Amino acid sequence: MSSQLQDALGMFAFLAAELSALFLGISLLVGVLQRHIPPAKVEALLSSSRRRGYFLAAGLGAITPFCSCSTIPMLKGLIRARAGFGPMMVFLFASPLLNPIIVVLMVATFGFTLTGIYVSAALGVSLGAGWLLQKLGFDRHIRHEKNENTAGCETTTSPCNAKSKTANCGGSECGSHQATDSAHCNSRYRGLWREIWSDFVDVLPYLLVGIAIGSMIYGFIPTALLEQYAGPDNPLAIPVAAVIGVPLYVRAEAVIPLAAALMAKGVGAGTVLALIIGSAGASLTELILLRSLFTLKLLAAFVTVIIAMAMIAGYATFLFY
């Protein structure tokens, strides 16, 4: 067995275990939070009609140390809570790029100037893109779940409200959800794991396909290829690095040491920054997972924003660093 194949198989096993655990763990966390925080509260905080919702979403993304794939369970929770579309997209863009672990590693490796350019580009483009996608009506490209609960079962007069002892989940208001709602009345957490496991089973085929493709790229594409096409003498080095970075599944914590090595070999700082944002901001695995939530048009818009963010940061570095 070749070393490249061993690397690919090792990465597949590692990612399958890591992402499955992350998905289940974060889904559990989101499910617990949803049972303590009313959907109306989340909707109010991240309302697309309020400017503060965008900044709250960016702040939420900054304090959650998620990689690009592990933002998906949180995104599913926000969709179910009917959060504003614009703030949801801000969270999706910002979460894998702005968490404190990455920022500290960037400062330690590249210094404050390059880190400042990175943070400014990630935050500014995330906020601007979220607002623009909302204004352009891209919220209609969310693929809503067919078995989503009806609004009647989520109101303040819900039978699961302890104050409404005489109410019940029967009748036309809740329809076929009678058994589920009755279970929630008995225990706040009853049925939580069943819901999480159902979500996991639905998304597992997307997850495995994405991991397989990403692992093959990891095992068989050499670092020298990045050096060849992202060298300082190539005028298209920055967009090439941004585009190359997107199919790779590399956490920012892992790509920063790689980027430092590339800079030491003569790759331009702007090219390196574009590679970091492209690879950490999106991945082929994440795109396959997002396909279960987004239409192709919204998925294309998401990729365009990440590549644009990477190029803006790269050319800003070229001008000011």
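Thr317 is a residue of helix α15, which spans residues 296-320; helices here are DSSP runs of H or I with at least four residues, strands are runs of E with at least two, and both are numbered from the N terminus. The model is a predicted one, in which local features need pLDDT of at least 70 and side-chain atom pairs count only at pLDDT 80 or more, while totals for chains, interfaces and linings use all residues. Residues are numbered from 1 along each chain as its sequence is written, and side-chain values use heavy atoms, with hydrogens and water left out.

With a relative accessible area of 2%, Thr317 is buried, a class that means under 20% relative accessible area, as against over 50% for exposed and in between for partly exposed (1.4 Å probe, protein chains only). The Thr317 side chain reaches the backbone oxygen of Ala313 at 2.8 Å. Apart from neighbours within four places in sequence, Thr317 is in contact (heavy atoms within 4.5 Å) with Leu114, Ile117, Ala269, Gly270 and Leu273.

## Packing of α6 with α7

Helix α6 (residues 100-110) packs against helix α7 (residues 112-135) at an angle of about 145°, and their axes are 7 Å apart; axes are lines fitted to C-alpha atoms, for helices over the stretch in contact, and angles run from 0 to 180 degrees between N-to-C directions. On the α6 side the contact is made by Ile102, Val103, Met106, Val107 and Phe110, and on the α7 side by Phe112, Leu114, Thr115, Tyr118 and Val119.

## Packing of α11 with α13

Helix α11 (residues 237-245) and helix α13 (residues 269-281) also have axes 7 Å apart, here at an angle of about 20°. That angle makes α11 roughly parallel to α13, a description used for angles under 35 degrees, with over 145 counted as roughly antiparallel, 65 to 115 as roughly perpendicular and the rest as oblique.

From α11, the residues Ala237, Ile238, Ala241, Ala242 and Gly245 meet Gly270, Thr271, Ala274, Leu275, Gly278 and Ser279 of α13.

## Helix α4 and the chain overall

Helix α4 (residues 71-80) is mostly covered, with nine of its ten residues buried; among them are Thr71, Pro73, Lys76 and Ile79. After α4 comes Arg82, whose phi is positive, near 60°.

The chain has 15 helices and zero strands, and buried residues make up 47% of its 321 residues. Of the contacts in the chain with a separation of 6 or more, 83% are accounted for by residues 24 or more positions apart.

Methods: A polar contact is a pair of N or O atoms within 3.5 Å; within protein, one must be able to donate a hydrogen and the other to accept it, and residues adjacent in sequence count only if both atoms are side-chain atoms.
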